Amino acid sequence: MKMIANHGYKDGSGEYYISLDTDKCSLCEEHGCLDGCPGQVFEIEFDDWDEEVATVRAGARNKLKQICAACKPVSGRPLRLPCQIACVSDAIKHSW
Amino acid sequence: MNENETKEYWRWKEYNWKNPDIPDWRGSLVTAGVDVGSTSSQAVIMVDGELYAFSNMRTGSDSPSSAIDAINWAMEGTGLTLDDIRFTVGTGYGRVNVPFANKAVTEIACHARGANFMYGPTVRTLLDMGGQDCKAIHCDERGKVTSFLMNDKCAAGTGRGMEVFANLLAVPIEEVGAMSLSVEEEPAPVSSTCVVFAKTEATGLLRAGWSKEKVLAAYCSAMASRVVSLLERNGMEKDFAITGGIAKNPGVVQRIERILGVEALKPIYDTQIAGALGGALFAKALFAKAGKDKPALQGKMAGR
């Protein structure tokens with residue numbers, strides 16, 4: 001069964017969520033997201049069914065707008081972000 | 001200092017309960033779930049998968065002590081000791097600090113499983129309105145999470161925000177919902193993005209002559225619109241149920257139902273115990289699994 005984990009928040013300025021398809025994650029052995037994200041937003045943990053999945057670390061969940069800003073320039077934003085390029089399973093999506 | 005200044009209007013009822021239909025647990029499989037949340041702690045004890053006893057109390061400053069107090073209060077008058085409980089799951093913010101737990105499971109998974117037990121297998125969308133966060137959860141017919149979305153950025157839209165307003169307006173928290181529904185005309189909601197701004201706004205409205213009922217209606221309305229945006233972002237699918245302390249507030253629940261155009265399932269258990277109940281159900285399943293794989297569980301291990 002597919003499980004989508006949305007980590008982030010909504011505040012007065014907008015919605016900032018990173019969505020992780022943990023079914024794809026659980027099959028991944030490379031964990032490219034760990035080093036691929038310059039802001040070191042991700043960590044690997046065991047989920048409730050003892051499968052290794054990526055998650056957004058607790059200290060970053062409420063600061064995604066600021067942390068991810070470095071990879072999201074106002075002009076010339078790349079089609080795929082560094083974390084998405086590093087994730088070979090194509091499991092990462094950003095809401096903004 | 002007058003009585004109104006010292007009275008704690010936010011204080012909700014703490015209590016324990018024992019199922020009168022289960023006279024004795026001896027000879028049965030006893031499992032437990034302990035939910036140490038940011039604001040409240042619950043312990044649920046199940047006997048052969050049936051709800052046997054629970055406690056619901058305020059979380060103290062020390063998570064391990066809160067977990068021990070909660071389970072001791074649930075066991076009160078049952079003759080149970082910790083050694084009689086075959087498997088315990090810790091959940092909630094303090095799940096890794098439940099000293100007697102065999103395993104820690106996230107509150108998201110536990111709430112979904114608990115709601116499946118409380119409301120039945122038709123629940124697909126669950127809103128858990130906790131003390132300091134709010135979660136929109138999708139689950140399947142077995143109570144397994146298929147997607148979730150959490151917002152813990154601000155106390156707005158959480159139980160703590162409601163406690164702040166109960167104290168500000170000197171209204172007992174159990175009466176907030178009914179009072180907010182007594183207004184003839186629905187006022188515009190106050191700020192839904194920050195509880196500090198909302199409190200400032202409410203103080204201004206009181207000075208402008210608004211009644212307590214009208215201010216409470218404006219806050220309940222703000223809370224409802226905030227959580228509805230969370231639900232809509234994650235997608236809304238029937239049946240819909242609400243867990244957590246705010247589920248007991250008809251002022252928020254009815255406004256959520258009105259905005260969504262969907263009626264929430266009516267609870268038959270205390271909505272605050274959903275997480276601990278799910279933990280106890282996980283404990284039963286995990287004990288059965290461990291029993292197949294291993295001869296016996298050896299002692300207690302710390303939650304991860």
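How many salt bridges are there between chain A and chain B? I counted 1 salt bridge between them, taking as a salt bridge a side-chain nitrogen of Lys or Arg within 4 Å of a carboxyl oxygen of Asp or Glu.

**Conventions.** I worked on a predicted model, where local features need pLDDT of at least 70, side-chain atom pairs count only at pLDDT 80 or more, and totals for chains, interfaces and linings use all residues. Residues are numbered from 1 along each chain as its sequence is written, chains are lettered from A and ligands numbered from 1 in the order in which they are written, and side-chain values use heavy atoms, with hydrogens and water left out.

**Entry 1, the interface.** I looked up the A–B salt bridge: B:Arg233 and A:Glu15 meet through their side chains at 2.4 Å, N to O. I then listed the contact (heavy atoms within 4.5 Å) and got 22 residues from chain A and 23 residues from chain B. The buried area, meaning the accessible area (1.4 Å probe) that two parts lose on being put together, summed over both, is about 2,000 Å² between the chains, with 49% from carbon and sulfur atoms.

I took helices (H or I, at least four residues) and strands (E, at least two) as DSSP runs, numbered from the N terminus. I found that β1(A) and strand β9 (residues 145-151) of chain B pair in the parallel sense over 3 bridges; pairing requires at least two bridges found by DSSP. In β9(B), B:Ser147 is the bridge partner of A:Ile4.

I noted B:Lys135 with B:Glu107, their closest N and O atoms 4.0 Å apart. This pair links distant parts of the chain, B:Lys135 being in strand β8 (residues 134-139) and B:Glu107 in helix α3 (residues 107-119), 28 residues apart. I find B:Lys135 buried at 3% relative accessible area, and B:Glu107 is buried at 9%; buried is under 20%, exposed over 50%, partly exposed in between (1.4 Å probe, protein chains only).

I also looked up B:Arg258 with B:Glu186, at 3.9 Å between the closest N and O atoms. B:Arg258 lies in helix α8 (residues 250-260) and B:Glu186 in the loop between α5 (176-180) and α6 (195-207) of chain B, so the pair ties together parts 72 residues apart in sequence. B:Arg258 is exposed at 52%, whereas B:Glu186 is partly exposed at 35%.
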